[in-house]
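Q: Hey, could you walk me through this protein? I'm new to reading structures.

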Amino acid sequence: MTTKKETTLLEYYQEHGLNPVPIDVEDQTCWKEHVIKRRNLYEKHLMLPTVCFRDRSVIEFGCNSGENALYLAALGARLTLVEPNGQVLPRLRNLFERFGLDGRIEALVNTDIAGFEATQQYDVMLAEGFLSALAERDQAVLKLGSLVKPGGLGVISFDDRYGSLMELLRQMIFRRVRQLSGVEDPHGEQSLELAHGLFTEDFGRLNASRPFSAWWEDVLVSPFVSWKGLWCYHEMLALLERADCEFYSSSPRWVSVDNFTWYKNVTERHHRHERILEQWNSCFAYFLTGMMIDEGAIGPASVEVVESVDELIRLISDFVFSDDVLAAELHWPDLLDEYLGCCQAAGLKAVNSEIKRVFEAVQGDDLEKVRVGYQQTEILRNLWGTHGHYISFIKA
Ligand SMILES: C[S@@+](CC[C@H](N)C(=O)[O-])C[C@H]1O[C@@H](n2cnc3c(N)ncnc32)[C@H](O)[C@@H]1O
């Protein structure tokens, strides 16, 4: 079985010469767009005004070629940047010099989280876009938490297991199209061409910061977007507690347990986390699809429904990344079908029917039926789920 076990994320990037997020900040228009998106993430989603970074000691792990750190430098952060991929560092240095912000870098360390030797704690710690893929990810989060000063702030992102279902469905469709087209190498030119034919139009409607080819290699054929490379809030909140940290905010914003409550009614950390996780069940259909759903249109997901999605994700991952599962074995779970198909939200019911038709096509041997089966969907094509989540947290 071929899975990520032999290769780390870093090796994957280096072997494929892949800069996974080559954000274009070359001219003023691109730079402004980048700044607007980052500001929106911090201020509107994570509720962190820019003052949280001004003259603060900020450590960023996995900064890649530094475009996100550049924005923090422009806000006045004092940066420690940690990046194990030496291939991207020349671009990073060049970028900071061109913007006249190289003085904002206090340290640039070419190593990974495990290899980083801390001599101090930081006001703000950031780790974005890679944690879920690490074999030792729990230890990584605990170490990251230990680097935050008391009362300081951490921001991490992770690939959510349930939020990745729509991406996984695309992986499944793509794998079947490759099988039926005889394209074996997922990373070759022919694979990219096939992916273009299927998904370029849909991808073009996203406000993505990266080009199609980077998404293809970093998501569509990436062995890290599989069962093992995905995480969930239950695991994250438990880890935060072990690191003596408390959930503060997320992107997408879905937690509202503190709304309409009196601030004097203080909820103890563990209990507050439990309430957040209860709310998570009520948001399950949103997590899966990314669709806005009217309140009351669908009830909380039962444990059995959630488990049926767990099994589906394992099945799809094994189909995509090994030869252990045959197309004929792929099946949209009955419990999930019932949960989505019997709710009051017309959009959810419709997409549920679309997905069932896609599964029927994928189970068969007709290439055109798979291709057209996906491309004729009206809702599914425009759904991206909620693959990437950010959590900010405060150290006790
Ligand atoms: C998908 S990129 C994200 C880049 C940037 N943080 C962003 O969100 O746009 C992941 C980055 O994490 C780095 N990385 C991979 N494994 C790492 C590790 N164990 N410790 C620190 N960084 C790592 C990669 O080299 C890469 O630069």
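This is a predicted model: local features need pLDDT of at least 70, side-chain atom pairs count only at pLDDT 80 or more; totals for chains, interfaces and linings use all residues.

Q: How many helices and strands does the protein chain have?

A: There are 15 helices and seven strands. Both are DSSP runs numbered from the N terminus, with helices (H or I) of at least four residues and strands (E) of at least two.

Q: In what order do the seven strands sit in the sheet?

A: The order is E3-E2-E1-E4-E5-E7-E6, in an open sheet with mixed pairing; two strands pair if DSSP finds at least two bridges between them.

Q: Which strands stand at the edges?

A: Strand E3 (105–109) and strand E6 (245–251) do; each has a single partner strand, so one side of each is left without a neighbour in the sheet.

Q: In which sense do E4 and E5 pair, parallel or antiparallel?

A: Parallel: E4 (residues 122–127) and E5 (residues 148–159) share five bridges. One of the pairs is Tyr122 with Val148, which lies in E5.

Q: New topic: how much of the chain is buried?

A: Buried residues are 41% of the 396. A residue is buried if 20 or more other C-beta atoms, placed from the backbone, lie within 10 Å of its own.

Q: And what does the C-alpha trace span?

A: About 60 × 55 × 40 Å along the principal axes of the protein chain.

Methods:
Residues are numbered from 1 along each chain as its sequence is written. A residue is buried if 20 or more other C-beta atoms lie within 10 Å of its own, exposed if 12 or fewer, and partly exposed in between; C-beta atoms are placed from the backbone.
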